[in-house]
Amino acid sequence: MTDDSPPRPDAVRVGGPACPTCGGPVTPRHRPFCSRRCADVDLHRWLGEVYRVPTNEPEMPVGLEDE
Ligand SMILES: [Zn+2]
């Protein structure tokens, strides 16, 4: 019997969840997002759902600044 199968590649995982906005690596400073920008994007998305009806526009917010 041969029971020395090689380790599965899924043993290596990315530490921590991914940014819900862009899927990038989350930074402790801006978690659960990767950056302030993505946090703002998500915030605007929430506000948008509250104050206006959702449209079929692509998820490409404009007018957002990094800092
Ligand atoms: Zn992001």
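A residue is called buried here when its relative accessible area is under 20%, exposed when over 50%, and partly exposed in between (1.4 Å probe, protein chains only). The model is a predicted one, so to speak of local features takes a pLDDT of at least 70 and side-chain atom pairs count only at pLDDT 80 or more, while totals for chains, interfaces and linings use all residues. Residues are numbered from 1 along each chain as its sequence is written, and side-chain values use heavy atoms, with hydrogens and water left out.

As for the overall layout, the protein has 1 helix and 0 strands; helices (H or I, at least four residues) and strands (E, at least two) are DSSP runs, numbered from the N terminus. Of the 67 residues in the protein, 15% are buried. Among contacts with a separation of 6 or more, 14% link residues 24 or more positions apart, contact meaning heavy atoms within 4.5 Å.

Now for the metal. The zinc ion takes its protein donors from the SG atoms of Cys-19, Cys-22, Cys-34 and Cys-38, which sit 2.2 to 2.4 Å away. Donors are N, O and S atoms within 2.8 Å of the metal (3.2 Å for Na, K and Ca), and since water is not among the atoms, sites may look incomplete. Angles among the 4 donor atoms run from 101 to 116°, making the site tetrahedral; for four donors, that label requires all angles to lie between 85 and 135 degrees. The ideal angle for four tetrahedral donors is 109.5 degrees. Along the chain, the donor residues follow the spacing C-x2-C-x11-C-x3-C. Cys-22 and Cys-34 both lie in the segment before α1 (36-51), so this pair ties together parts 12 residues apart in sequence.

UniProt, in an unreviewed entry, puts a "binding site" feature at Cys-19, Cys-22, Cys-34 and Cys-38. These positions span 20 residues, yet no two of their C-alpha atoms are more than 8.2 Å apart, so they gather at one spot. Such annotations may be inferred rather than shown by experiment.

Cys-19 belongs to the segment before α1 and is buried, at 3% relative accessible area. Beyond its neighbours within four places in sequence, Cys-19 contacts Gly-24, Val-26, Pro-32, Phe-33, Cys-34 and Cys-38. Cys-34 also counts as buried, at 18%. Cys-38 is part of helix α1; setting aside neighbours within four places, Cys-38 touches Cys-19, Thr-21, Cys-22 and Phe-33.

Notes: Four donors count as tetrahedral if all angles lie between 85 and 135 degrees; four count as square planar and six as octahedral if opposite donors are over 155 degrees apart and all others between 65 and 115; anything else is irregular.
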